[in-house]
Amino acid sequence: MFSFFKKKTQKPADDAGQAAKEDSVDQEVDQADPAALPAAAGVTESDVQAIEPEATQDMVIEPEARPVETVDPPPEAQPIPAVEEAPEIVPDPEEHAVAVSETPAMPAPAEKGSWLSRLKKGLSRTGQSLGGLFVGVKVDESLFEELETALIMADAGVEATGKLLTALRARVRKERLEDAGQVKAALRDILADHLAPLEKTFPLGKATPLVVMIAGVNGAGKTTSIGKLANHFQAQGAKVLLAAGDTFRAAAREQLVEWGARNNVAVIAQDGGDPAAVAFDAVNAGRAREAGVVMIDTAGRLPTQLHLMEELKKIKRVIGKADDAAPHEVLLVIDGNTGQNAIAQIRAFDAALNLTGLVVTKLDGTAKGGTLAAVAAGSQGVRPVPVYWIGVGESLHDLQPFVAKEFAAALLGD
Ligand SMILES: Nc1nc2c(ncn2[C@@H]2O[C@H](COP(=O)(O)OP(=O)(O)OP(=O)(O)O)[C@@H](O)[C@H]2O)c(=O)[nH]1
């Protein structure tokens, strides 16, 4: 395992200072000869080196911020393998002894059934309010009215709700459906068709390395999703490299480093400084080490924090200086509980970054599972960005590819 850590003592004093500093680095980076970029971005070769054990002593780790309790090790977790390059950048490797596994931990096909039941359970609040409407009722206008209310309450939005109900009425008429169960089955098909354009297979292997930039608001589940995906990609045989693009929050870096240790993959990190430089290093390191995937975490931010949105654009630009075609994927992680606000988030991040996909987390326990129907309908002018993965919990197995048919069934509690 390769672990890198660039040490810098300078930290941003405040937002204004940080913005000014970023502006100057931005100009440097943008005007620089790409070959000279590492230096322009404040990166020197001596900065990028395998961490020595004693260097970890200087790391600032907030013990209370360690996410140990939020991260379930895979059921088949094994003790740390006796690898020479054990995760030295982790201050206390013993803490990882129970969590590190070399064994791919994503579900085998046989586990598909349990994923479907977790998906159904995760979406049960939406499932009960939508699916529950069909129990012991007659097929009449009041059923359609209740459905309309339930879809709006599930945050499907006005456009999707109208479209779905128009299609359902037509189907009921055409097929002369009189049984509520049949109407429910018809709605399930219509929903699945409606959501199908969002379904897309993640293009692992499209480029080597495939550079994936991850963005989102604070706490959406970016870092956790990266950890789960690292495991997923490894299970598919891809060598993974992670980059801790949140250079401001020590706990965020720590969390990624921890996921790196769990998955036995390298993490590029830096204490303070320019996140674009970390991303740039990561792409180069990924290429040098023939990684299959480089995943770049970024600090959480609100679309209204304009200077932070500019920083995100800059990170993307600088990644492009390391590899013309990169980032190949720009993913927005959204919290499934966010409801209609997710639409505003997608619009804003898409405008800044031209998103290629979504990861929707925390669908467990939400009554707002209809949001994806709103995305598919292009509600409020949102572009129907593909959904690669959905998350229904905190364990490794709880993040899985989005399948429209499965999702539609779970939305109706089936
Ligand atoms: N219930 C549930 N919790 C989740 C899911 N995905 C992530 N979480 C939890 O959400 C919390 C925040 O996740 P993070 O990965 O730290 O979020 P982040 O976007 O990286 O956060 P910042 O770095 O602060 O922007 C953690 O406690 C995760 O375990 C999910 O699908 N379901």
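Good morning. The model is a predicted one, in which local features need pLDDT of at least 70 and side-chain atom pairs count only at pLDDT 80 or more, while totals for chains, interfaces and linings use all residues. Residues are numbered from 1 along each chain as its sequence is written.

I begin with the overall fold. The protein has 14 helices and nine strands; these are DSSP runs, with helices (H or I) of at least four residues and strands (E) of at least two, numbered from the N terminus. Of its 414 residues, 47% count as buried. A residue is buried if 20 or more other C-beta atoms lie within 10 Å of its own, exposed if 12 or fewer, and partly exposed in between, with C-beta atoms placed from the backbone. Consider next the contacts between residues at least 6 apart in sequence: 80% of them join residues at least 24 apart. Two residues are in contact if their C-beta atoms, placed from the backbone, lie within 7 Å.

I turn now to the ligand. Which residues come nearest to the ligand? Of the 21 residues around the ligand, they are Gly221, Thr223, Thr224, Gly300 and Gly391. A residue is near a molecule if its C-beta atom, placed from the backbone, lies within 6 Å of it. Helix H8 (222–235) and helix H9 (250–263) each supply at least two residues of this shell, and H8 gives the most, with three.

Finally, some backbone details. Most residues other than glycine have a negative phi, and most peptide bonds are trans. A cis bond joins Thr208 and Pro209, with omega about -5°; Pro209 sits in the loop between helix H7 (180–195) and strand E2 (210–215). Another cis bond, between Ala326 and Pro327, also has omega of about -5°, and Pro327 belongs to the loop between helix H11 (306–322) and strand E6 (329–335).

Asn354 is not a glycine, yet its phi is positive, at about 55°. Asn354 lies in the loop between helix H12 (341–353) and strand E7 (357–361), and it counts as exposed because it has 12 C-beta neighbours inside 10 Å. Gln380, likewise not a glycine, has a positive phi of about 50°. Is Gln380 buried or partly exposed? With 15 other C-beta atoms within 10 Å, Gln380 is partly exposed.
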